[in-house]
Amino acid sequence: MNELVAIRKAAKITVDVLKDVLRKVGAPEAERRDPECPGLVLRIRPRSGARWSYKGRLHGREKRWDLGPVIATRDGLADVRGRAARIREALRKNIDPMATTAEAPPIVDPPASWDWEAGVEAFLVHIQRTRRPDTHTDYRRILRNTEELKVFHGRRLADIEREEVAGAIRIIHERGVESHAAHVLRVVRSFWTWLSDDSQRKRSLVEPNLLYRLRPPEKTRREIGDHLISRPAVTSSGRKTAKPKLPTEESLGRTLAIAESGAIDPHVSRAIGLLLYTAQRRRAIMGAYSTDFSWTDPEAPTGTVVWNLPPFFRKTGRTRGVSIPHRLPLTGSAAELVGLIQRENQDSDRYLMSEFWLFPARYPKLKDVKRKSPTLDPGVLNHNLLAFPEVEINPHGIRRAFLTYGKKHLGFTRDDAKLVLDHNEGRPSDATAAYDWDEEMNRKLTVLAAWGKWLDGLRDAALSADPMLHKEYREQLAKRIRGNRYRDSGVVKDRLTGFGSRIPAYDEEDDDDGYWED
């Protein structure tokens, strides 16, 4: 520690002197008395900087009173000298200067601040304007419905402390949903960052960086192959752990056969067919528009329809500003499916127009209620695939199957698959990407045509193996699917499957096997 350097010069303290002191950041520890104001001392500390204080004697004992940081202005210097003079006068009368100036603060209401509900509603309006609909839905569900966050309902946002938020996240973590706890914290941190923005602080009154670097509790150690760790088949909530899975070839064939059997809603069956033949993401499928498909594209041969996926469905459209569509040439069964969808919509009384959604929202409950989207919700694909009997598949698993089985059976390379699956179509991110305008449509057409023929073969094999998948048995198949979807105990799967099931439950058709277990 530096020794105290006492500077006892009679030189006058001026504004220029103060400015010079403030410029010398990290100067040695020192004190300098003001010759024009007895008792007033300029204190310099390496860490706290320059501050004023007053040294005097009260009741026979020497004491020091802090007068705040140095302000290098004439008014600031005059103000501190006036405060020092009042302290000196109080000490002359043997009176505590703080006691003479301190008054009981008036009782006033705290400044107006948003409560939790008002802040959440304003934040969701911002999210709805700036983010995608699914992000808005996710944030709304978490901030409104998370049980552990309901302790903040009705409270002023300015009164909520960091430790309280950490405690709520800890309780979620202890429920066994550790990844969900981390996700809730990300949403709450985003909420608080927006509240502490300069444009919101007058209404929220929250402290900036209140949740800075707040982390969820550390995850439980789980290592594959460590037999000392007991890993339960289900989480504490009773739901199966959903791991990424590769659908079997049998599941792909059965899925396509069920979709074409007429056992489910025609719009949903067509969407599942397009999902299988193109291996695109479910939001791109449900957001397909009639003008996105071209039957007269100069880059494709006759009889081929080119699907122009808008940049909206490409991550590079947001991250890199890509403004060109992702173009996929479809032929064979895929092209026939698109033509069938377009003809059905154009012949419908409701869609006598040249432009329409391929998969519009169906059966509005109330005509006056505004729908979130004019198209079917992407979750419809998940719910229906989950209820297909003896099928273990989800929408994203089809993309895994495209690359895995394409390489294994159809001779695809990784670059071939990137042309269809990748947001950037396998293009490099260096400068050469700006000069390469070849979309490799012929290569895409070869890959997608081979994939479509292979899927048709799997479908035919599934129909031969299980006659119940034929169209004449669609009523029985539809009843089985409805039974799987609408159980009081939750969605369950048929025997030998269970991917994504919510709660294990009894299946009436499996009387000989008893209860299905993980």
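Axes are lines fitted to C-alpha atoms, for helices over the stretch in contact, and angles between N-to-C directions run from 0 to 180 degrees. The model is predicted, with local features requiring pLDDT of at least 70 and side-chain atom pairs pLDDT 80 or more, while totals for chains, interfaces and linings use all residues. Residues are numbered from 1 along each chain as its sequence is written, and side-chain values use heavy atoms, without hydrogens and water.

Helices are DSSP runs (H or I, at least four residues) numbered from the N terminus. The axes of helix H4 (residues 116-130) and helix H7 (residues 178-195) come within 10 Å and cross at roughly 90 degrees. H4 is therefore roughly perpendicular to H7 (65 to 115 degrees). In this contact (heavy atoms within 4.5 Å), H4 contributes Trp 116, Gly 119, Val 120, Ala 122, Phe 123 and His 126, and H7 contributes Ser 190, Phe 191, Trp 192 and Trp 194.

Buried denotes under 20% relative accessible area (1.4 Å probe, protein chains only).

Phe 402 is among the buried residues of helix H15, as are Pro 395 and Tyr 405. The buried residues of H15 pack against helices including H9 (249-259), H16 (414-421) and H17 (441-465). Just after H15, Gly 411 takes a positive phi of about 80 degrees.

Methods
Helix = DSSP H or I, 4+ residues; strand = E, 2+ residues; numbered from the N terminus. Parallel < 35°, antiparallel > 145°, perpendicular 65-115°, else oblique. Buried < 20%, exposed > 50% of the residue type's maximum accessible area, 1.4 Å probe, protein only.
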